[in-house]
Amino acid sequence: MLKNLKIISISLLLFVLFTQNCFSGELNNQASFKYPVHNPVPGGIAIIELKTKDKNKPDVFYKNKKIMVRKNAGHWQAIVGLSLNTKSGQHKIKIKTKDKKLKYQIFATKNKEYKKQYITLKNKGMVTLSPENLKRAISDKKISKKAFATWLEKNNIKLDFIMPVDGIVSSRFGLKRFFNKKPRKPHSGIDIAAPTGTLIKSPADGRVIATGNFYFNGNVVFVDHGQGLITMFCHMNKINVSKNQIVKKADKIGEVGETGRVTGAHLHFSVSLNNTRIDPELLLPPIPELKDK
Ligand SMILES: [Zn+2]
């Protein structure tokens, strides 16, 4: 009898613990966002809980760039994109509330080392540019710069992207590449290997802000998701959207291709936050990676 009572009380305790866990889990799902997580490293995202209790959304700046702010579980939160040049240590954000008061908040960053890769290219014209190609590359750069600097005031921005392409990551973000031993800029996005013609989907709701045919990046599309969150799609075989078009999550943007300077069909996918290129995988579900890279 006593033994039975003990079993019943243990079962009851387990039941209470289990249901409580489920309940708090549900609460969390409703009140907070799935990802990204606070990852204050070069190329990462710092998620900073703001100490202001202001009802109105404050304006937040980091290195003079406007920062995404969202409400999470009743508190304002700043979502800061950190460049690959970010030094480990103390950093400062400026918070401007609606009553024009300025506050500062400090956050800490850590170091992260990215891999190195050496690539030999046969076509030398692709490495040292002719004056004509240089002119084209400069004009492409201007379009990119303008697109990445776009700011659209929008609330409830979803940061849990879906995969733009079903494929394997053939090259990760931040990789330090050397073409014919010449150091190039680190990889500003991820490469997803997939055959030419594979569907490219919008990872979230947004608006197409630019399309083009670039010397390096081939056929490109830029999508603005609001509050400085911009995505870029490169080397496309086909572009299925046009400037100013509104796209919903999973809408077709185009097809994978090998236009521009590439060694095979893939999607180069960049994510920019506060005009800073960050690791796209921070906003994506886990993706399989090629073993040899
Ligand atoms: Zn790439």
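Colleague: What do the buried residues of helix 2 pack against?

Modeller: They pack against strand 13, strand 14, strand 15 (229-236), strand 19 (266-273) and strand 20 (276-278), with contact meaning heavy atoms within 4.5 Å. Helices (H or I, at least four residues) and strands (E, at least two) are DSSP runs, numbered from the N terminus. This is a predicted model: local features need pLDDT of at least 70, side-chain atom pairs count only at pLDDT 80 or more, and totals for chains, interfaces and linings use all residues. Residues are numbered from 1 along each chain as its sequence is written, and side-chain values use heavy atoms, leaving out hydrogens and water.

Colleague: Which residues of helix 2 are buried, and why are they said to line one face?

Modeller: Ala137, Asp140, Ser144, Ala147 and Phe148 are buried (under 20% relative accessible area; exposed is over 50%, partly exposed in between; 1.4 Å probe, protein chains only). Seen down the helix axis, they fall within an arc of 85 degrees, so they line one face of helix 2. The arc is taken from the directions from the axis to the C-beta atoms.

Colleague: Why is Glu255 called buried?

Modeller: Its relative accessibility is 14%, so Glu255 counts as buried. Glu255 lies in strand 18 (residues 252-255).

Colleague: What makes strand 13 and strand 14 a pair?

Modeller: Pairing requires at least two DSSP bridges, and strand 13 (residues 206-214) has seven antiparallel bridges with strand 14 (residues 218-226).
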